[in-house]
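User: I am new to reading protein structures. Can you walk me through one, feature by feature?

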Amino acid sequence: MQKTLYTLFICLSFMTSFSQQPLSHCGTEAFRQQALLTHPEYKVVVDNIEAFTEHYISTLANEKKTRAPYVYSIPVVVHVIHNGESVGSGANISAAQIYSQIAVLNKDYRLKNTDSLKPTHPYWVNTDDCEIEFCLAWKDPAGNYTTGITRYNGGQSSYDYPELENIHKPNTIWDHERYLNIWVCTLGGTASSLLGYATPPGTAIDNDGVVIGHTYFGTTGTLDPAYNKGRTATHEIGHFFNLRHTWGDAVCGSDFVSDTEPAEDANYGCPTFPFHANSACGAGPNGEMYMNYMDYVDDACMKMFTNGQKNRMRATLAVGGSRSTLTTSNVCIYPTGLPEIADNSVMSVYPNPTSDHFYLKNTTNFVADFSIQLFNSIGQEFTSEIVMNKEAGNLYYVNTSALPNGTYFLKIHSNTKSITKSIAIIK
């Protein structure tokens with residue numbers, strides 16, 4: 001009862017806070033500030049997370065030349081909260097829309113987005129592959145096979161903070177230490193002006209995760225034209241992994257990252273480069289980094305994370321980090337029962353993302369003979385819908401023209417060993 005009353009108090013405080021000032025786009029900072037105000041002991045946790053982050057980044061600077069790339073896999077469960085609509089209608093979004101969002105995340109967090117900055121752009125040198133990937137979980141908290149998608153009729157046409165934080169999130173959440181929980185719904189009331197919000201590290205336990213409005217989620221379905229490329233989830237998950245807005249939520253504020261340009265405020269729409277060049281905040285001749293995922297511009301103008309942002313996020317996933325248990329939950333990769341080879345560089349897959357084909361290159365003579373299986377992110381096999389033909393040497397051509405859009409797991413295996421690769425199909 002005490003926890004329920006406390007949660008309700010936070011929700012009512014949010015309503016008061018949000019009604020006192022117009023909000024747009026993202027409610028994460030308001031969530032952070034209200035959580036710290038209502039629950040002062042969280043500040044100790046947040047301060048410890050920041051101290052760990054600083055230590056991680058300083059240590060990384062000394063080891064950067066020798067550190068081998070390591071990709072973290074994050075298991076995701078998407079909770080669709082609707083009002084009784086049929087699947088694929090209204091807020092009860094289709095699986096295809098959810099798959100399209102997972103594909104976007106895997107492109108944006110791996111610097112594989114086709115709309116990334118060009119190498120000739122002045123800020124290209126700041127961009128980085130965050131080495132973080134996402135998949136829909138294939139096992140639920142009880143160990144049963146799952147699609148990684150749940151559907152919940154909340155009985156309302158839209159949902160404000162009190163309903164979400166006090167009722168629907170607690171009633172649907174999966175173990176937050178094992179899964180990244182994402183709730184998709186129609187946002188209403190004091191939350192109606194938002195695209196979404198997240199719970200930053202150290203500010204929530206029972207309701208930990210990300211909330212996104214259903215018209216801003218993924219790249220297919222009924223979407224807002226300005227936010228139809230899935231970047232709202234990219235932005236909010238950045239908060240979940242301890243990123244701040246690029247302007248630090250204050251005039252010339254700090255986002256605790258050294259390689260994002262100082263900014264006067266949030267940017268909207270699609271500015272022309274350079275924007276606010278040589279500003280009073282200290283932005284240089286190239287102006288503010290409005291194309292960063294942690295600004296407020298339209299989806300089509302969001303392009304990048306920086307190396308500094310990558311390091312902050314990966315600090316949460318490193319051993320001892322605030323999100324590290326997500327990387328050890330073992331519910332992300334669809335299994336085949338064969339021992340997995342740790343060094344996936346022995347077999348390269350390109351291009352990735354792709355549309356109708358990809359190539360496999362057996363770079364170190366992995367095995368003389370191997371076969372492949374292809375699974376989508378919910379464990380369904382699509383092997384029969386692809387055709388592999390050997391070309392010159394160790395190069396193989398795989399036709400994927402029959403596959404729908406989505407993120408897939410390619411299992412390459414002989415009789416004794418196996419390699420897993422992820423690949424995104426975008427048409």
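Analyst: Start with strand pairing. Two strands pair if DSSP finds at least two bridges between them. Keep in mind that this is a predicted model.

User: Which residue of S14 is the bridge partner of Thr407?

Analyst: Ala424 is the partner of Thr407.

User: In what order do the strands of the open sheet come?

Analyst: The order is S10-S13-S14, with antiparallel pairing. Strands S10 (371-376) and S14 (418-425) stand at the edges. Each has a single partner strand, so one side of each lacks a neighbour in the sheet. From one strand to the next, the twist averages 25°.

User: Which helix lies across S10 and S13?

Analyst: Helix H4, residues 95-108, does. H4 runs at about 70° to S13.

User: How do I describe two helices that pack together?

Analyst: Two packed helices are described by the angle between their axes and the distance between the axes. Take H4 and H6. Their axes come within 9 Å and cross at roughly 60°. That makes H4 oblique to H6. The crossing is right-handed.

User: Which residues make the contact between H4 and H6?

Analyst: From H4, they are Gln101, Val104, Leu105 and Asp108. From H6, they are Arg231, Ala233, Thr234 and Ile237. An α-helix has 3.6 residues a turn, so residues three or four places apart point the same way.

User: Is helix H6 largely enclosed or left open by the rest of the structure, and why?

Analyst: A cut-off comes first: buried means under 20% relative accessible area. In H6 (residues 231-240), 10 of the 10 residues are buried, so the helix is largely enclosed by the rest of the structure. Among the buried residues are Arg231, His235, Glu236 and Phe240. Just after H6, Asn242 takes a positive phi of about 85°.

User: What does the whole chain look like in numbers?

Analyst: The chain has seven helices and 14 strands. Of its 427 residues, 55% are buried. Its accessible surface comes to about 17,700 Å², and 53% of that belongs to carbon and sulfur atoms. Now look at contacts between residues at least 6 apart in sequence: 69% of them join residues at least 24 apart.

Technical notes
Residues are numbered from 1 along each chain as its sequence is written. This is a predicted model: local features need pLDDT of at least 70, side-chain atom pairs count only at pLDDT 80 or more; totals for chains, interfaces and linings use all residues. Side-chain values use heavy atoms; hydrogens and water are left out. Helices (H or I, at least four residues) and strands (E, at least two) are DSSP runs, numbered from the N terminus. Axes are lines fitted to C-alpha atoms, for helices over the stretch in contact, and angles run from 0 to 180 degrees between N-to-C directions. Contact means heavy atoms within 4.5 Å. Buried means under 20% relative accessible area, exposed over 50%, partly exposed in between (1.4 Å probe, protein chains only). Accessible areas come from the Shrake-Rupley method with a 1.4 Å probe; for residues, only the protein chains shown count as cover. Angles under 35 degrees count as roughly parallel, over 145 as roughly antiparallel, 65 to 115 as roughly perpendicular and the rest as oblique. A crossing is left-handed if the near helix is turned anticlockwise from the far one by less than a right angle, and right-handed if clockwise.
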